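The following paragraphs lead the reader through a single protein chain.

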Amino acid sequence: MDEDWNPERPAEWQRHYAALRELVADEEGQAEVLPGFTVHGMDIGKWRARQRKPEIWETLTDGQLDLEPPPPSPGRSATRPLKWQ
């Protein structure tokens with residue numbers, strides 16, 4: 001491994017994200033990914049649900065915000081941009 005390699009996101013996050021992107025691409029954006037849905041042995045449904053929790057969503061870096069945002073919750077304003085298409 002290159003000694004200068006320092007990814008912005010942890011490798012585990014990147015693996016789940018890559019699996020989710022692969023699935024969405026294969027399904028032409030029509031995939032419904034619920035907890036329990038696995039790709040390459042990873043529960044990307046559970047991972048996706050966790051990323052959408054408002055307390056997790058607020059901690060994501062700009063490079064991670066191309067995930068689907070959490071649904072609006074009463075009494076809570078969105079402070080991060082919504083980038084998932």
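Helices and strands are here DSSP runs, numbered from the N terminus, with at least four residues (H or I) required for a helix and at least two (E) for a strand. The model under discussion is a predicted one. On these terms, His-40 lies in the loop that links strand 1 and strand 2.

The protein comprises three helices and two strands, arranged along the sequence in the pattern α-β-β-α-α. Of its 85 residues, 28% are buried. When contacts between residues at least 6 apart in sequence are considered, 30% of them join residues at least 24 apart.

The N-terminal end of helix 2 is capped by Asp-43, with a side-chain oxygen 3.3 Å from the backbone nitrogen of Gly-45.

The axes of helix 1 and helix 2 come within 10 Å and cross at roughly 110°. Angles of 65 to 115 degrees count as roughly perpendicular, and helix 1 and helix 2 are therefore roughly perpendicular to each other. At their contact, Trp-13, His-16, Tyr-17, Ala-19, Leu-20 and Leu-23 of helix 1 meet Ile-44, Trp-47, Arg-48 and Gln-51 of helix 2.

The largest nonpolar core consists of twelve residues: Trp-13, Tyr-17, Ala-19, Leu-20, Leu-23, Val-33, Val-39, Met-42, Ile-44, Trp-47, Trp-57 and Leu-60. Helix 1 and helix 2 are the elements that give two or more residues to this core, and helix 1 gives the most, with five.

The loop between strand 1 and strand 2 calls for a separate remark, since His-40 is placed there and is exposed, with a relative accessible area of 61%. Most residues other than glycine have a negative phi. In His-40, by contrast, phi is near 55°, a positive value in a residue other than glycine.

Conventions:
Residues numbered from 1 in each chain as written. Predicted model: local features only at pLDDT ≥ 70, side-chain atom pairs only at ≥ 80, totals over all residues. Heavy atoms only, no water. Polar contact = N/O pair within 3.5 Å; in protein donor to acceptor, adjacent residues only side chain to side chain. Core = buried A, V, L, I, M, F, W, Y, C linked by side-chain atoms within 4.5 Å. Buried < 20%, exposed > 50% of the residue type's maximum accessible area, 1.4 Å probe, protein only. Axes fitted to C-alpha atoms, helices over the stretch in contact; angles between N-to-C directions. Parallel < 35°, antiparallel > 145°, perpendicular 65-115°, else oblique. Contact = heavy atoms within 4.5 Å.
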